[in-house]
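Reader: I would like to learn how to read a fold. Please take me through one case.

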Amino acid sequence: MRSIAIGTIIIASSAFFAYSFPDGAPVDTCVKPSKANEPNHGQAKSQPVQTSPYSFTASSSQYGPGSQITVTISGSSFKGFFLQARDPDTDNWIGSWAQTENTNTHPECSAVTHADPYVKQHATLIWNAPPNARGRVYFT
């Protein structure tokens, strides 16, 4: 009986770890000391841009007060994402993300993430520029 209980706990724990972050990346992803802005999925590593099966397209890299930029992720199917907007000169987080279908936002660090564990073919996200600034932005 004891081995059945232990086996049940192991199986239940495995299911928990296999479905980590179904509601999107937690806000501490922004500031993790070891791998900031990278997912915490065990041995998974970021892939070089040159070999990535994904395409990230922004409608602009420049913004004016209160403007919006559309960012699209497409390519191979995926389940999750975590995207930030940054100033290319200071590398500071800037602006905010519009709450769109199946997304969660982290205004603390100008980030947007997935809000469900389902397979996606693309994601269309909307970034809001700061209300009183203009400049350049990049998305990471």
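Reader: Which residue of S8 does Ser-96 stand opposite?

Author: Ser-96 stands opposite Asn-128 in S8. Before going on, note that this is a predicted model: local features need pLDDT of at least 70, side-chain atom pairs count only at pLDDT 80 or more, and totals for chains, interfaces and linings use all residues. Residues are numbered from 1 along each chain as its sequence is written, and side-chain values use heavy atoms, with hydrogens and water left out.

Reader: What counts as a strand, and when do two strands pair?

Author: Helices (H or I, at least four residues) and strands (E, at least two) are DSSP runs, numbered from the N terminus. Two strands pair if DSSP finds at least two bridges between them. Here S5 and strand S8 (residues 120-128) are joined by two bridges and run antiparallel.

Reader: How many helices and strands does the protein chain have?

Author: One helix and 10 strands. The order from the N terminus is α-β-β-β-β-β-β-β-β-β-β.

Reader: In what order do the four strands of the open sheet lie?

Author: The order is S1-S3-S8-S5, with antiparallel pairing. Strand S1 (54-58) and strand S5 (96-97) stand at the edges; each has a single partner strand, so one side of each lacks a neighbour in the sheet.

Reader: How many bridges join S3 to S8?

Author: Eight, and the two strands run antiparallel. Val-71 has Leu-125 in S8 as its bridge partner. S1 and strand S3 (residues 68-78) pair over five bridges, also in the antiparallel sense. There, Phe-56 has Ile-73 in S3 as its bridge partner.

Reader: How do side chains sit in a strand?

Author: In a regular strand the side chains alternate between the two faces of the sheet.

Reader: Is Ser-55 buried, partly exposed or exposed?

Author: Buried means under 20% relative accessible area, exposed over 50%, and partly exposed in between (1.4 Å probe, protein chains only). Ser-55 is in strand S1. With 34% relative accessibility, Ser-55 counts as partly exposed.

Reader: Which residues does Ser-55 touch, not counting those up to four places away in sequence?

Author: Contact means heavy atoms within 4.5 Å. On that basis Ser-55 touches Thr-72, Ile-73 and Ser-74. Ser-55 and Thr-72 are 17 residues apart along the chain, and their C-alpha atoms are separated by 7.8 Å.

Reader: Where is Thr-103, and is Thr-103 buried or exposed?

Author: Thr-103 is in strand S6 (residues 103-106). Its relative accessible area is 5%, so Thr-103 is buried. Leaving aside neighbours within four places in sequence, its contacts include Phe-81, Val-112, His-114 and Leu-125.

Reader: What share of the whole protein chain is buried?

Author: Of its 140 residues, 29% count as buried. As for contacts with a separation of 6 or more, residues 24 or more positions apart account for 65% of them.

Reader: Which element gives the largest share of the lining of the second largest pocket?

Author: First, the term. On a 1 Å grid over the protein atoms alone, a pocket is an open set of points where a 1.4 Å probe fits, with protein on both sides within 12 Å along at least five of seven lines; lining residues have an atom within 4 Å of a point. S8 gives the largest share here, five residues. Among the lining residues are Phe-81, Thr-103, His-122 and Leu-125.
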